[in-house]
Amino acid sequence: LFGQHPERSRLLHLAAHGERDALILEDGFGNGQRMAVSDLKALIAKFGAHVQFAFLNSCDSVELGDALVEVGVRHVVCTRCKVGDKASAQFTRAFYGGLFGGKSVGDAFELAVHSLRASPERAVRREAANYALLPSPHSPAGKGDHSAVFFPLVPLSSQKDKEKEQQKEAETGSAMSKPMGERDGVTSSSRGERGDRDRAG
């Protein structure tokens, strides 16, 4: 689930069929395997210590979301009940579009909810209320703060300055790798020719 480097895993996305107290994951043979709340909590506690965000893209996943918050995941997107495939795809696309576009978790979530509310299809609009961001912004001790930005945008000017600096370093390195005579603009052949003239004189 976390690959070979779990210490690098900050974001977790799980797309699966869901029940109120479990996820139904597919094994390598196409069979469904039930992962209960306790199993998911144990997995995160053991391998997911660095996970800060989780998206439970399944039906009825709010109980699982609460469990992830309990083991220290700071931001969890989940669902309160069953959701349709069309609403799920639209919400996910809008959410990650916002997140990868430099928005905070909270702003990306609101953007995704708004995208459902603005849908021309009534069935999709009704599903906007099915999504939840845990812990609640109204939780005590600031636990509901979703202002974290995982993919901040780099200003274009800063990027250009960085590229210029890298180019300058490359040119400096190239110059330092040349023979000493070539660094000051005098080649070995030109020195030889000058020496010949001096001896001739």
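**Helices of a predicted model**

Residues are numbered from 1 along each chain as its sequence is written, and side-chain values use heavy atoms, leaving out hydrogens and water.

User: Why are α1 and α2 called roughly parallel?

Analyst: The axes of α1 (residues 37-47) and α2 (residues 62-70), lines fitted to C-alpha atoms over the stretch in contact, cross at roughly 30°. Angles between N-to-C directions run from 0 to 180 degrees, and those under 35 degrees count as roughly parallel, so α1 and α2 are roughly parallel to each other.

User: What makes up the contact of α1 with α2?

Analyst: Val-37, Leu-40, Lys-41 and Ile-44 in α1 meet Glu-63, Leu-64, Ala-67, Leu-68 and Glu-70 in α2. Six of these residues are nonpolar (Ala, Val, Leu, Ile, Met, Phe, Trp, Tyr, Cys or Pro), three are charged (Asp, Glu, Lys or Arg) and none is polar (the others, Gly among them).

User: How do you know that the span of helix α3 agrees with what it should be?

Analyst: The expected span is 1.5 Å times one less than the number of residues. For the 16 residues of α3 (residues 85-100) that gives 22 Å, and the end C-alpha atoms are 22 Å apart, so the two agree.

User: Which residues of α3 are buried?

Analyst: Among them are Phe-91, Phe-95 and Leu-99; buried means under 20% relative accessible area with a 1.4 Å probe, protein chains only.

How values were computed. This is a predicted model: local features need pLDDT of at least 70, side-chain atom pairs count only at pLDDT 80 or more; totals for chains, interfaces and linings use all residues. Helices (H or I, at least four residues) and strands (E, at least two) are DSSP runs, numbered from the N terminus. Buried means under 20% relative accessible area, exposed over 50%, partly exposed in between (1.4 Å probe, protein chains only). Angles under 35 degrees count as roughly parallel, over 145 as roughly antiparallel, 65 to 115 as roughly perpendicular and the rest as oblique. Contact means heavy atoms within 4.5 Å.
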